[in-house]
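This report goes through the charged pairs, the ligand surroundings and the nonpolar cores of one protein model. The structure is shown first.

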Amino acid sequence: MNQTYTSDVGRLLHNAHFMMSCADSKSYPADEGQEVAFVGRSNAGKSSAINIITQKKKLAFSSKTPGRTQLINFFELDSSRRLVDLPGYGFANAPIATQRAWGENLEDYFSLRKSLVGLVWLMDIRHPFQKYDRVMLDWLADKKVPVQLLLSKADKLTRNRANQAVFSIRQHLREVDHLDIQAQSFSSFDRQGLPTLFSKLAFWFGLANSAEK
Ligand code: GDP
């Protein structure tokens, strides 16, 4: 990828600062410009990924403070671009009412947000397509949003095992109709996969004409 785009998107992401936490769609910021949302099973590494790409050690952990975990957290990058941290799913023993509220919250977000240009979805490369990930996949198949699937914690596998996992996950995804989804290995610990993700973010945020495959 062109070096300029990488540094442009890196600079943009480094501007990130906490904007607001929203319990429902009435309090979302103005639906203008472009926004990229992050979603994943709780513990998949979503906060670590947001912190790594923005180079801010604690940014997304603000979403983990008590009372904020079920909220939608918005981070401003510049006057027209945002990152959005969606609440994690798959909490062990979460009450049905909490799961339902999570689903409704997300449904509202996806159906309303015109500025949503892409979704970064995190899934542990060692444990792909667990129960709630499969629900998520079915649900995403109906949505129009392009998805970058980060197969997280790839540092826990050898390069060979990680490549095999990516290959079989891609095979599985080919069976899902109408879904614009690209899977890649990723690690916030050793930063593998960061250039591919940056390339996609540069494309989604209008800083590049195409993204790396
Ligand atoms: P979240 O619940 O999805 O926001 O997940 P966190 O980012 O809080 O990470 C959950 C746990 O996984 C923490 O103990 C992290 O240190 C660990 N973790 C996150 N990313 C990575 C990674 O890339 N590699 C490894 N080995 N562990 C990770």
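The sections below take these topics in turn, for a model that is predicted.

## Salt bridges

The count of salt bridges comes to 8. In one of them, the side chains of Glu 35 and Arg 113 come to 2.7 Å, N to O. Glu 35 belongs to strand β2 (residues 34-40) and Arg 113 to the loop between α3 (96-112) and β5 (116-124), so this pair ties together parts that are 78 residues apart in sequence. Glu 35 is buried, at a relative accessible area of 0%, and Arg 113 also counts as buried, at 7%. The pair is part of a network of salt bridges that links Asp 31, Glu 35, Arg 82 and Arg 113.

Another salt bridge joins Asp 85 and Lys 46, with the closest N and O atoms 2.5 Å apart. Asp 85 lies in strand β4 (residues 81-85) and Lys 46 in helix α2 (residues 46-54), so parts that are 39 residues apart in sequence are tied together by the pair. Asp 85 has a relative accessible area of 2% and is buried; Lys 46 is buried at 11%. A further salt bridge is formed by the side chains of Asp 78 and Arg 81, at 2.7 Å from N to O. Here Asp 78 is partly exposed, with a relative accessible area of 23%, whereas Arg 81 counts as buried at 16%. The cut-off behind these two labels is 20%, since buried means a relative accessible area under that value.

What does Lys 46 touch, leaving out residues up to four places away in sequence? The list is Phe 38, Val 39, Gly 40, Asp 85, Leu 86, Gly 88 and Leu 122. With Asp 85 the contact includes the salt bridge. For Leu 86, the backbone oxygen is 2.9 Å from a polar atom of the Lys 46 side chain. The backbone of Lys 46 is involved elsewhere: one of its polar atoms is 2.8 Å from an oxygen atom of the ligand.

Lys 46 is in helix α2, a helix that is mostly covered, with 8 of its 9 residues buried. The buried residues are Lys 46, Ser 47, Ala 49, Ile 50, Asn 51, Ile 52, Ile 53 and Thr 54. Gln 55 follows α2 and has a positive phi, near 55°.

## Ligand surroundings

The ligand is surrounded by 16 residues, and the closest are Asn 43, Ser 47, Ser 48, Lys 64 and Asp 155. In the side chain of Ser 47, an N or O atom is 2.5 Å from an oxygen atom of the ligand. Phe 189 takes part through its backbone, where an N or O atom lies 3.4 Å from a ligand oxygen. How much of the ligand does the protein bury? Taken alone, the ligand exposes 580 Å², and the protein buries 80% of that area.

## Nonpolar cores

The largest nonpolar core has 38 residues. Those with the most contacts inside it are Leu 86, Tyr 109, Phe 110, Leu 119, Trp 121, Met 136 and Leu 149. At least two residues of this core come from each of β2, β3 (72-78), α3, β5, α4 (131-141), β6 (147-152), α5 (159-174) and β7 (181-185). A second, separate core has 28 residues, among them Leu 13, Leu 150, Leu 194 and Phe 198.

Met 136 is in contact with Val 39, Tyr 89, Trp 102, Leu 106 and Trp 121, its neighbours within four places in sequence left aside. Met 136 is one of the buried residues of α4, together with Asp 133, Leu 137, Trp 139, Leu 140 and Ala 141. The cover over these buried residues includes β2, α3, β5, β6 and α5.

## The loop at Pro 87

Pro 87 is found in the loop between β4 and α3. Is Pro 87 buried or exposed? With a relative accessible area of 2%, Pro 87 is buried. The C-alpha atom of Pro 87 is separated by 6.1 Å from that of Ile 72, a residue 15 places away along the chain.

Notes: Residues numbered from 1 in each chain as written. Predicted model: local features only at pLDDT ≥ 70, side-chain atom pairs only at ≥ 80, totals over all residues. Heavy atoms only, no water. Salt bridge = Lys/Arg side-chain N within 4 Å of Asp/Glu carboxyl O. Helix = DSSP H or I, 4+ residues; strand = E, 2+ residues; numbered from the N terminus. Buried < 20%, exposed > 50% of the residue type's maximum accessible area, 1.4 Å probe, protein only. Polar contact = N/O pair within 3.5 Å; in protein donor to acceptor, adjacent residues only side chain to side chain. Contact = heavy atoms within 4.5 Å. Core = buried A, V, L, I, M, F, W, Y, C linked by side-chain atoms within 4.5 Å. Near = heavy atom within 4 Å. Areas by Shrake-Rupley, 256 points an atom, 1.4 Å probe, with all protein chains shown as cover.
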